[in-house]
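Definitions come where they are needed.

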Amino acid sequence: MEVRTRQQLPQGWAATQNNLGEALRAQAVRTEGTKGEELLAEAVTAYRSALEVYTRHVLPQDWAITQDNLGSALRDQAARTEGAKGEELLAQAVTAYRSALEVRTREQLPQDWATTQNNLAIALRDQAAQAEGPKAVDLLAQAITVFRSALEVFSAEAFPLYHEQTEKRLKECESLLMQAKLKLNKVKRRSQ
């Protein structure tokens with residue numbers, strides 16, 4: 001059995017770290033409570049370890065994949081974490097997705113770009129759910145813009161399932177934005 005050490009086989013080690021993160025995240029999805037939270041924390045650690053080798057400059061595609069995976073693990077962690085810590089985890093997820101989009105461009109990798117756009121929009125929507133007032137409105141507006149961008153690639157003809165899922169999330173965000181704007185207007189009227 002070959003052991004992949006960081007010193008001897010850095011790329012193989014990083015690939016194993018990324019795969020470990022995927023396995024831990026999949027296990028965490030099926031695990032409730034503290035154990036699930038621990039598994040997600042381990043997944044985040046594994047992805048961050050992989051990013052020590054998978055740099056944007058040397059291995060941009062692997063770096064972008066791992067950034068997207070990291071964003072998803074952070075978003076999952078945030079869903080299980082309340083308060084300021086949950087907000088910080090979502091902010092980190094948004095940053096990871098935006099980083100991935102530096103490499104996953106629409107021109108070079110349209111399907112990967114749309115997938116990461118979709119992930120980013122979900123994280124922005126989740127951030128909006130924890131925000132109030134103008135900040136919630138702004139985050140929802142950003143999510144809507146990003147969902148619409150993803151739909152430019154996820155057409156009904158080429159990707160019917162992704163199109164349907166993204167369209168549904170877009171409509172939910174549009175509804176949430178209308179509600180947030182109404183709530184904000186009521187607050188403004190009361191303060192006048």
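## Terms and model

Buried means under 20% relative accessible area, exposed means over 50%, and partly exposed lies in between, with a 1.4 Å probe and protein chains only. By that rule Ile122 is buried, at 7% relative accessibility.

This is a predicted model, in which local features need pLDDT of at least 70 and side-chain atom pairs count only at pLDDT 80 or more, while totals for chains, interfaces and linings use all residues. Residues are numbered from 1 along each chain as its sequence is written, and side-chain values use heavy atoms, with hydrogens and water left out.

## Overall fold

The protein has seven helices and zero strands. Its pattern along the sequence is α-α-α-α-α-α-α. Helices (H or I, at least four residues) and strands (E, at least two) are DSSP runs, numbered from the N terminus.

Along the principal axes, the C-alpha atoms fill a box of roughly 70 × 40 × 30 Å. The protein has 192 residues, and 45% of them are buried. Contact means heavy atoms within 4.5 Å. Take the contacts with a separation of 6 or more: residues 24 or more positions apart account for 62% of them.

Two packed helices are described by the angle between their axes and the distance between the axes. Axes are lines fitted to C-alpha atoms, for helices over the stretch in contact, and angles run from 0 to 180 degrees between N-to-C directions. Angles under 35 degrees count as roughly parallel, over 145 as roughly antiparallel, 65 to 115 as roughly perpendicular, and the rest as oblique.

Helix H2 spans residues 33-53 and helix H3 spans residues 60-79. Their axes lie 9 Å apart, at an angle of about 160 degrees. H2 and H3 are therefore roughly antiparallel. The crossing is left-handed, meaning that the near helix is turned anticlockwise from the far one by less than a right angle (clockwise would be right-handed). On the H2 side, the contact includes Leu40, Val44, Tyr47 and Arg48. Among the H3 residues that they meet as a group are Trp63, Leu70, Asp76 and Gln77. By class, the contact of H2 with H3 has ten nonpolar, four polar and two charged residues. Ala, Val, Leu, Ile, Met, Phe, Trp, Tyr, Cys and Pro count as nonpolar, Asp, Glu, Lys and Arg as charged, and the others, Gly among them, as polar.

## Helix packing: H5 and H6

Helix H5 covers residues 110-130 and helix H6 covers residues 133-153. The two axes come within 8 Å and cross at roughly 160 degrees. H5 and H6 are therefore roughly antiparallel to each other. Their crossing is left-handed. The contact of H5 with H6 is made of 16 nonpolar, six polar and two charged residues.

## Aromatic pairs

A pair of aromatic rings is described by the distance of the centres and the angle of the planes. Rings of Phe, Tyr and Trp (its six-membered ring) pair if their centres lie within 6.5 Å; planes under 30 degrees apart count as stacked, over 60 as edge-to-face and the rest as tilted. The structure holds three such pairs.

One of them joins Phe154 and Phe159, edge-to-face, with 5.5 Å centre to centre and 65 degrees between the planes. Phe159 and Tyr162 have ring centres 6.3 Å apart and planes at 40 degrees, so this pair is tilted. Phe154, Phe159 and Tyr162 form one aromatic cluster. How accessible are its members? Phe154 is buried at 1%. Phe159 is partly exposed at 21%, and Tyr162 is partly exposed at 38%.

Gly71 lies in helix H3 and is buried at 0% relative accessible area. Leaving out residues up to four places away in sequence, Gly71 touches Ala93, Ala96 and Tyr97. Gly71 and Thr116 are 45 residues apart in sequence, and their C-alpha atoms are 9.3 Å apart.

Asn119 sits in helix H5 and is buried at 12% relative accessibility. Beyond its neighbours within four places in sequence, Asn119 is in contact with Asp68, Ser72, Arg75 and Tyr97. With residues up to four places away not counted, Ile122 touches Arg75, Phe147 and Arg169. Ile122 and Thr105 are 17 residues apart in sequence and 19 Å apart in space, C-alpha to C-alpha.
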